[in-house]
Amino acid sequence: MNKTARPVESAHGTFHITDVYPSVDGGRFPVKRIVGEPVEVWADIYRDGHDVIAAALVWRHEGDGEWQHAPMTLHSDDRWGGAFVPDRPGRYTYAIEAWTDQFASWRHRFAQQQRDGSDHTLDALEGAGMLTQAQAGSPGAAAVIIRQCEIYLQTGEAGALLAPELQDAMAGSQFRPDLTRSQLFPLIADRPRARAGAWYQMFPRSQGKVPGAHGTFGDCIARLPDIAAMGFDVVLLAPIHPIGRQHRKRRNNAAIAQGGDPGSPYAIGAAEGGHDAVHPELGTLADFRAFVAACRTHGLEVALDFAVQCSPDHPWLTQHPQWFKRRPDGSMRTAEHPPQRWDDVVNPDFGCEDAGALWHALRDVVLFWVEQGVKIFRVDNPHTKPLPFWEWLIREVQQHDPEVLFLAEGFVRPKLMKGLAKLGFTQSYSYFTWRTQRCELEQYLGELTGYPERDFFRPNFFVNTPDILPFHLQSGESWMFKSRLALAATLSGNYGIYSGFELLEHTPIPGREEYLNSEKYAIRVRDWDQAGNIKPYIAALNRIRRSHLALQQFANLRFINTDDGGVIGFVKEAVDQSNVIAAAIALSPEARDVWLTLGDIAIGRGEVRRPVTAVEDLVTGERHPLEWGGIRLHIDPARDPALLLRCIA
C-alpha cells in the first residue's frame, strides 16, 4: 500500500494536526518518560468537509529503521488519543498521521441515503468499486474484502457492503492519497532509576576510622552495609581524582594550606593524573572497580561527581595550554563566582579555537568512567558552561549507553534550571531545600508537577548538601531533620541527603548556610552509630518508599485540605493506579490533632474508581475508617512528624 506521508505544510491545508501533547517547546526538546510504560499522545485533528478521518500514532527508536504504528481514537471535539510503549532505554521519535478513510466516508453517506427509499444502485457500485481497488492488507482483511465483494456481485444486495467486518477490513487496505504526517517529536525513555531513587552523598576520604587518616576505597566498601541498611539506592561520591597542590586551600576555605591539609577534591588534577585518574591515597583504579562491584552486591549504584574544572597542576594545562585563558601578565585566570574566588581552580575556555578537542576530551572522560561501571553522574555547576555543550555531551554519551543518567547540580535562576533539564539532564536540583512553609511547598510543587514542567523536569530533593546547611537545620532539632527528610522522600520520587545528616550535624559558619569545618577542605572521621542518630527513621522511611509505588513517582500529586496551617497534606497515586498514599507532615514542633479531607479522593484502575472508605497507617498497621469525608489523626513531631496512610476503597 502507498502510505507515503506528506508533511503538514505540503498537504494543501487538507488536515490540521494541532495542540499535540506531549511536546516541549513545540518539539524542540525531548519529552521524558520511563521505559516500559505507556506514552499517551493527544492531538486535535480536523479537516474541511464531512469525510471520515482516520489517524495513527507512529514512532520508532532512533536505532530502528522502521516505524511502528498504533491507531488513534476520536474522543470528542476533534480530540484524538493514542499510546505507545517504549520497550528499551534511548531516544525515540513520534508523530501523528491522518488521512481520509474513503470507504468509511462512502459507507456513512450510503447508509444515510438508503433511508429515503430511492434507488441507489450507482452509489452501491461506487462502494463495490472501492473493494476492487483495495490494496494489500493483512491476509484476513483481504479474505473479508473478497468474500463481501463476491456476495454483492452475486446477489446485488447492498447489505454486503455495509457489514461491520468489511469496514474494519477496509480501514487498513485503502490507498491513502492525502496521508499527512505531523512534525516529528522527540522523546527520551529512561530506565526506572531516573524517576525514583534515594541518594546518599559522601566524601570517600572521610570514610576511614582513624582521625586524620585518609580514607580508602576499602573503607568505602566497609561503609556499604550501613548505607544499604538505611535503604539507599545510590551512593554519590565527591570527586575521587588527584588533588592539585598549587594554591591548595586549608580548613574552611582559608588560603594557603599547611602541611597535612588535603585540599579540595574539586581542585582536580595533579602530577598523578587528571579527570580519568583516582587519588592515590584512595587506592587504584582496580580498587575503585572493586567498590563498584561491592555496591552492586548491596543493591546500590555509584554516582560520580563530574566537575569540569582543573587545578593549576592538572596535566591538561601543560598538554593543552590553548584550552585555558591567561591574564595580560601571562598568569592563569582562576575561577571566580563573585564575591568568591578560587585560586586553586581554573576553568577550561570553551571559547578557545581548539574547543572541539576540549569537548571531545570531556566526553571521553565520562565514557571512561562509564566503562568502569558508573551509570550516573552529578554534574557540578553545569550552568557555568555553554548550554550547547551539555546538549551535545549528553546525547553523545547516551548514544553510547542509553542507561547513563545525569543530575544537574545548580541552584540558579528558575528558567536556566529548567533550560538545562530541557537540554537533556535526567534530573535536577531544586529549590525544595529552602521551601519550608506550607504555602511555599504547595506553590512550588504545583509548579513542578504542572504542565509543561512535568514532561521534562525531574527534581531531586536534596535536604542538605556539602555546600548548603539550611538555616532551618542549624538548631539541630531531631523533629526538623525528620520532617525535612519525610517531605523530601514522599513528595519527590528522587531525594538525597549528604552524609552527617543522619547524625544531625548542624554546626554552621556563623551567619551563613555553610558547614563549619566543611569536608570540602578537611577529612572527617565520624562515629556512625553515635547517640541521637536518626538512622532507624531513615531506614523505615525508605522501606515504605520501596513498598509503595505511589511514592516512587513525582507528578501524580494532589494537595488536600487540613485544618491546621502547620501541617501539609497530600495524596500521591502510582503511575499504574494500583497504589494511593495520603500523607500529613508537620511543619512545626507542636503535637496536634489534624483533620484530613479525603472524601473526594477516588482510587482504582481505569474507569473503575471508587471513593476512599478507610486508611491504613503504614508505620503502625492500624486501620481507620473515614467519617464525614475525612479522618482526624494525632501527630506528635517529637516522635514522628509524618503520617503515611494507604488509601483503601
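The lining of the second largest cavity divides into six nonpolar, two polar and one charged residues, where Ala, Val, Leu, Ile, Met, Phe, Trp, Tyr, Cys and Pro count as nonpolar, Asp, Glu, Lys and Arg as charged, and the others, Gly among them, as polar. The model is a predicted one, in which local features need pLDDT of at least 70 and side-chain atom pairs count only at pLDDT 80 or more, whereas totals for chains, interfaces and linings use all residues. Residues are numbered from 1 along each chain as its sequence is written, and side-chain values use heavy atoms, with hydrogens and water left out.

This second largest cavity holds about 50 Å³ of space and is lined by His241, His275, Leu304, Asp305, Phe306, Val365, Val366, Trp369 and Phe377. Strand S14 (301–307) and helix H8 (355–371) each supply at least two residues of that lining. A cavity is here a set of points, on a 1 Å grid over the protein atoms alone, where a 1.4 Å probe fits but cannot get out, and lining residues have an atom within 4 Å of a point. Among the residues that line the largest cavity are Phe203, Arg205, His214, His241 and His279; by class, its lining has seven nonpolar, three polar and one charged residues.

Strand S14 also belongs to an open sheet of eight strands, with parallel pairing and the order S19-S18-S17-S14-S13-S12-S21-S20. Strands S19 (427–428) and S20 (460–462) stand at the edges of this sheet, each with a single partner strand, so one side of each is left without a neighbour in the sheet. S20 pairs with strand S21 (residues 494–498) in the parallel sense over three bridges, and Asn460 has Asn494 in S21 as its bridge partner. Strands (E, at least two residues) and helices (H or I, at least four) are DSSP runs numbered from the N terminus, and two strands pair if DSSP finds at least two bridges between them.

In the loop between S21 and helix H13 (535–547) lies Ser518, which counts as buried because its relative accessibility is 7%, the cut-off for buried being under 20% relative accessible area with a 1.4 Å probe and protein chains only. Leaving aside neighbours within four places in sequence, Ser518 is in contact (heavy atoms within 4.5 Å) with Asn252 and Pro466. The C-alpha atoms of Ser518 and Arg251 are separated by 7.3 Å, although the two residues are 267 residues apart along the chain.

Definitions and conventions:
Buried means under 20% relative accessible area, exposed over 50%, partly exposed in between (1.4 Å probe, protein chains only). On a 1 Å grid over the protein atoms alone, a cavity is a set of points where a 1.4 Å probe fits but cannot get out, and a pocket is an open set with protein on both sides within 12 Å along at least five of seven lines; lining residues have an atom within 4 Å of a point. Grid points are joined across faces, edges and corners, and a volume is the space filled by probe spheres set on the points.
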